[in-house]
Amino acid sequence: MASIILGGIEGGATHSNLVLFNGNGEKLAQVAGPGTNHWILGMEECQKRINKMVEQAKHEAKLPSEKPLNALGMSLSGCEQEETNKQLKEELQKNFPMLSSNYVVCSDTVGSIAAVLENGGIVLIAGTGSNCLLLNPDGSVHRCGGWGHIMGDEGAAWWISHKAIKICFDEQDNFSQPPHPTQVVWKSVQEHYKIETRFDVLDHCYTKFDKCHFAGLCKLLAKAAVQGDRLSQWLFKEAGRMLARHITALLPQVDRVSICQQRIE
């Protein structure tokens with residue numbers, strides 16, 4: 001069993017982690033890597049990052065690079081559709097034949113539930129983006145969110161960052177008034193993006209848009225909230241409301257009968 005090598009990747013839009021185990025359940029290596037969401041990166045770059053992480057883990061575990069893993073499980077942000085999951089597996093096999101002999105691909109929401117609950121449950125992910133998934137004991141699946149920053153990501157780091165910037169813009173345009181003073185938040189925007197004026201922000205919104213970097217403003221806003229800035233605190237409160245709405249949206253789909261039967265058993 002020690003000769004069997006299994007890998008697992010938990011991948012988000014900003015960060016990913018990979019572990020290798022042998023067949024006896026002994027951890028051989030663990031490496032951190034960049035985001036692996038193929039909708040953000042493109043399928044080709046996503047595959048390159050996965051391969052690089054596995055190569056690094058093999059090196060750290062002192063395993064031959066030419067020997068494929070027996071299996072690689074990937075629980076990745078953006079892997080919601082069977083069609084694109086199949087494409088990812090097939091192209092990894094074609095482009096990186098020494099990577100792994102077998103693949104299992106699923107969404108990061110599915111991986112999170114499987115890690116802690118045997119008979120389903122609800123998972124709410126709030127990282128760079130947001131996503132919520134309900135898996136009932138009978139196997140039925142329902143979801144809310146997970147549509148990316150154009151169509152969703154409510155309550156996540158990108159949403160908080162965007163809302164913070166929009167509030168500052170609207171105040172300076174006299175379009176609408178903020179719920180609290182914006183001085184600290186605007187200073188955080190200037191610091192994070194290294195800009196002076198609102199026009200300087202446009203590069204980060206359009207020509208040089210990087211979702212992960214854009215969402216990174218959230219770190220400074222979190223720090224400001226802890227230090228007592230009222231607008232930053234308000235932003236996180238609103239984010240909490242939006243995340244809670246994901247849960248309430250799925251509650252009508254919960255199979256209460258099956259859950260009650262499991263409790264009785």
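User: When does a helix crossing count as left-handed, and in which sense does α6 pass α7?
Analyst: A crossing is left-handed if the near helix is turned anticlockwise from the far one by less than a right angle, and right-handed if clockwise. In this predicted model, the helices concerned are α6, residues 157–172, and α7, residues 183–193. The crossing in which α6 passes α7 is left-handed.

User: Are α6 and α7 oblique or roughly parallel to each other?
Analyst: Two packed helices are described by the angle between their axes and the distance between the axes. For α6 and α7 the axes lie 10 Å apart and the angle is about 120 degrees. Roughly perpendicular covers 65 to 115 degrees and roughly antiparallel begins over 145. The two helices, α6 and α7, are therefore oblique.

User: Which residues in α7 does α6 meet, and how many residues of the contact are nonpolar?
Analyst: From α6, the contact involves Ser161, Ala164, Ile165, Cys168, Phe169 and Gln172. They meet Val185, Trp186, Val189 and Tyr193 in α7. Of the residues of this contact, none is charged and two are polar, while the number of nonpolar ones is eight.

User: How many helices and strands does the chain have, and what percentage of its residues count as buried?
Analyst: The chain has twelve helices and eight strands. Its C-alpha trace spans about 65 × 50 × 35 Å along the principal axes. Of its 265 residues, the share that counts as buried is 41%.

Note on methods
Residues are numbered from 1 along each chain as its sequence is written. This is a predicted model: local features need pLDDT of at least 70, side-chain atom pairs count only at pLDDT 80 or more; totals for chains, interfaces and linings use all residues. Side-chain values use heavy atoms; hydrogens and water are left out. Axes are lines fitted to C-alpha atoms, for helices over the stretch in contact, and angles run from 0 to 180 degrees between N-to-C directions. Helices (H or I, at least four residues) and strands (E, at least two) are DSSP runs, numbered from the N terminus. Angles under 35 degrees count as roughly parallel, over 145 as roughly antiparallel, 65 to 115 as roughly perpendicular and the rest as oblique. Contact means heavy atoms within 4.5 Å. Ala, Val, Leu, Ile, Met, Phe, Trp, Tyr, Cys and Pro count as nonpolar, Asp, Glu, Lys and Arg as charged, and the others, Gly among them, as polar. Buried means under 20% relative accessible area, exposed over 50%, partly exposed in between (1.4 Å probe, protein chains only).
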